[in-house]
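Here are my notes on the model you sent. Please read them with the structure open.

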Amino acid sequence: MSENIMAVKLFDDGAAAFLKGDFKASIKLFSQALKHDRKFALVYSSRGAAYLKTKNVKSAISDLARAIKLDPNYSRAYYLRGLAYEKAGDVARAYRDFDRTIEIDPDLSAAYRSRDSVLDKNNDDREEIEDLEMADHLAALRVALFSAEKRAA
């Protein structure tokens, strides 16, 4: 996280615009934040997500690659870049990014589903079944943990 107060404020404003669905405004605010801190990986990832929402896949991939360069273990950036590659039709790179996401964060069930989607395009049934089983397992685990927390409360 950045220690530059202005970068953080602009990031927060950009995130608020993103949550409201104003992706163009969020891109502008994230870009301004980067003028104050060029090493703020979260801003690159967030702007990449906004670019993805506006169907600017090339810019999304570029920003997400920058976030990964700044933080090589940033699972969310790999996941988002995988989605961008998938939209671009680059199934091999999408698969690699979803695979890397799972290596870093094996509890991110969305990555298993996305990797399954890419595998489906390549017709690899064995790995597809394993990914669906893992995604279902993680979902069931979250439900069980939530239920246990409710009972303890």
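1. Start with helices α5 and α6, which run roughly antiparallel to each other. This is a predicted model, so please read every point below as a description of a prediction. Helix α5 covers residues 75-88, and helix α6 covers residues 91-104. Their axes come within 8 Å and cross at roughly 160 degrees. Angles over 145 degrees count as roughly antiparallel, hence the label. The crossing of α5 past α6 is left-handed.

2. Which residues of α5 and α6 meet? From α5 come Ser75, Tyr78, Tyr79, Arg81, Gly82, Leu83, Tyr85 and Glu86. From α6 come Arg93, Ala94, Asp97, Phe98, Arg100, Thr101 and Ile104. By class, this contact of α5 with α6 holds seven nonpolar, three polar and five charged residues.

3. Now turn to helices α1 and α2. Helix α1 spans residues 5-19, and helix α2 spans residues 23-36. The two axes come within 8 Å and cross at roughly 170 degrees. That angle makes α1 roughly antiparallel to α2.

4. The α1 side of this contact consists of Met6, Ala7, Leu10, Phe11, Asp13, Gly14, Ala15, Ala17 and Phe18. They meet Phe23, Ala25, Ser26, Leu29, Phe30, Gln32, Ala33 and His36 in α2. The residues of the contact of α1 with α2 divide into twelve nonpolar, four polar and one charged.

5. Ser26 deserves a look. This serine sits in helix α2. Is Ser26 buried or exposed? Ser26 has a relative accessible area of 0%, so it is buried. Not counting residues up to four places away in sequence, Ser26 touches Gly14, Ala17, Phe18 and Ala50. Two of the names in that list, Gly14 and Ala17, also belong to the α1 side of the contact with α2.

6. Ser45 is another serine to check. Its place is in helix α3. Ser45 counts as buried because its relative accessibility is 3%, and the cut-off is under 20%. Which residues does Ser45 contact, leaving aside neighbours within four places in sequence? They are Leu64, Ala67, Tyr74, Ala77 and Leu80.

7. Next, the nonpolar core. The largest one has 40 residues. Phe40, Val43, Ala60, Ala67, Ala77, Ala84 and Val118 touch the most other members. Helices α1, α2, α3 (41-53), α4 (57-70), α5, α6 and α7 (109-122) each supply at least two residues of this core. Helix α3 gives the most, with seven residues. Ala67 and Ala77, two of the core residues named above, are also among the contacts of Ser45.

8. Look at Val118 too. Leaving aside its neighbours within four places in sequence, Val118 is in contact with Glu86, Val91, Ala94, Tyr95 and Phe98. Among these, Glu86 is also on the α5 side of the contact with α6, while Ala94 and Phe98 are on the α6 side.

9. Last, the chain as a whole. How many helices and strands does the protein chain have? The count is eight helices and zero strands. Along the sequence the pattern reads α-α-α-α-α-α-α-α. Of the 153 residues in the protein chain, 42% are buried. Take contacts between residues at least 6 apart in sequence: 46% of them join residues at least 24 apart.

Definitions and conventions
Residues are numbered from 1 along each chain as its sequence is written. This is a predicted model: local features need pLDDT of at least 70, side-chain atom pairs count only at pLDDT 80 or more; totals for chains, interfaces and linings use all residues. Side-chain values use heavy atoms; hydrogens and water are left out. Axes are lines fitted to C-alpha atoms, for helices over the stretch in contact, and angles run from 0 to 180 degrees between N-to-C directions. Helices (H or I, at least four residues) and strands (E, at least two) are DSSP runs, numbered from the N terminus. Angles under 35 degrees count as roughly parallel, over 145 as roughly antiparallel, 65 to 115 as roughly perpendicular and the rest as oblique. A crossing is left-handed if the near helix is turned anticlockwise from the far one by less than a right angle, and right-handed if clockwise. Contact means heavy atoms within 4.5 Å. Ala, Val, Leu, Ile, Met, Phe, Trp, Tyr, Cys and Pro count as nonpolar, Asp, Glu, Lys and Arg as charged, and the others, Gly among them, as polar. A nonpolar core is a set of buried Ala, Val, Leu, Ile, Met, Phe, Trp, Tyr and Cys residues joined through side-chain atoms within 4.5 Å. Buried means under 20% relative accessible area, exposed over 50%, partly exposed in between (1.4 Å probe, protein chains only).
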